[in-house]
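Hi there,

Here is the structure I promised to pass on to you.

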Amino acid sequence: MFSLLNLQSLFGLVVIVAVCWAISENRRAFPWRLAIGAVLVQAALVLATFAIPGSQVVLDGINNAVKGLELATAEGTRFVFGYLAGGDQPYAVANEGALFTFAFNVLPLILVISALSALLWHWKILKWITLGFGFLFQRTMGLGGASALAVAANVFLGMIESPIVIRAYLDKLSRSEVFLMMVVGLATVAGSTMVAYATILSPVLTNAAGHVLVASIVSAPAGILLARVIIPEKPGEGGAVADYNSALKYDSAVDAIVKGTSDGLMVVLNISAVLIVFVALVALANVILGGFVIAGEPLTIERILGVLFAPVAWLTGVEWADAQKAGWLLGVKLTLTEFVAFIELGKVPVAEMSERTRMLMTYALCGFANIGSVGITVTGLSVLMPERREEVLGMVWKALLAGFLATLMTACIVGALPAAVFA
């Protein structure tokens, strides 16, 4: 049965598309067919995952796979770090929960998944899965072959790795296609981080792994639509055809594992550095703001972000009672990174946030659209296509907005569906 909250999410969906239309470079070229198709594809993907008979078996399989990866990674981590990573303790432990360390229990997963992804790509397993999604986006969304492949790669690879897949075609892409590639890269996350997010949320969210996986996949059509609304394709442009002979190659299985591990290490180091610096800066800002007392409580970054983004969170279908806390999470995602936001979401006690809000925030946070990613996008694309650097710089902030709104659109689609779908 539909409720007012479902209608609230539908209203949010309309507002998001309207905002993108308002800043469009050609408001007369609104892609009506694409808009309808994108919404239907998103809803169909969510329903196929959670509502069809036997879907729970698939979700259980995904969750078990994640658990298996956690256990396997733990073995390797304990081998290197011993009792620091949860191995046999040399002393009596009074608080078992204190043994969980983010550096040893979450970050090593990224190394393992990065190496495994590279190996699966070398074995052409991940490549064929990517081609399947590329064919889906090409047929249902009218994308050119190169754009469709880049979008599909973004579902599993990082926002810089995916352009490498179509590196030979980057100079042939139209301005609209380059923007689309940037937006989808910011609206989705890499496979190496999906498992980490699922691990963080599994104690407080049912089917966490399934939700995180679906969130990244379903945000791709949303990114396509909003990108096309903001910078529509001009007649006669675009449609570069890819022969799917990817530039992303490894010499052997061992080479894939080594290079995948090396790439994962860079991700781990970047995440670690960003977390240390941003958490410290927030703490410092809170010390400074603590001198201002409003409504009997010290002013904090969390309170400011909560107030600013509460209406945005409400548009996704969140109850107003949870809107300020959910808005704070959105603000954290945009300013600090989605990794910090997922950590904070995982810390919220079950009793302090409804299951619906927690689920919607999982979808709204699951994307690379944050201020830090602007620099990564510009740097990465400047290396891959230096002749178009100025073009990228001119579109990157619009891409950030579109990528951020795309994940909110996905949350709206999920929020508009009956609660029975996820029961």
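**What I found**

Of the protein's 423 residues, 53% count as buried, where buried means under 20% relative accessible area, exposed means over 50%, and partly exposed lies in between (1.4 Å probe, protein chains only). Please keep in mind that this is a predicted model, in which local features need pLDDT of at least 70 and side-chain atom pairs count only at pLDDT 80 or more, while totals for chains, interfaces and linings use all residues. Residues are numbered from 1 along each chain as its sequence is written, and side-chain values use heavy atoms, with hydrogens and water left out.

The protein exposes about 18,700 Å², and 69% of that comes from carbon and sulfur atoms; the areas were computed by the Shrake-Rupley method with a 1.4 Å probe, and for residues only the protein chains shown count as cover.

There are 18 helices and two strands. Both are DSSP runs numbered from the N terminus: helices are H or I with at least four residues, strands are E with at least two. Among contacts (heavy atoms within 4.5 Å) between residues at least 6 apart in sequence, 77% join residues at least 24 apart.

Helix H2 covers residues 32-50. Its 19 residues reach 27 Å from first C-alpha to last, close to the 27 Å expected at 1.5 Å a residue; the expected span is 1.5 Å times one less than the number of residues. Buried residues in H2 include Leu 34, Val 41, Gln 42 and Phe 50.

Thr 410 sits in helix H18 (residues 389-416) and is buried, at 0% relative accessible area. Which side chain does Thr 410 join through a polar contact of 2.9 Å? The partner is Ser 219; a polar contact is a pair of N or O atoms within 3.5 Å, and within protein one must be able to donate a hydrogen and the other to accept it, with residues adjacent in sequence counting only if both atoms are side-chain atoms.

Thr 362, in helix H16 (residues 355-365), is also buried, at 0% relative accessibility. Leaving aside neighbours within four places in sequence, its contacts include Leu 201, His 211, Ala 215 and Phe 342.

Finally, the structure holds zero disulfides, a disulfide being a pair of cysteine sulfur atoms within 2.5 Å.

Happy exploring!
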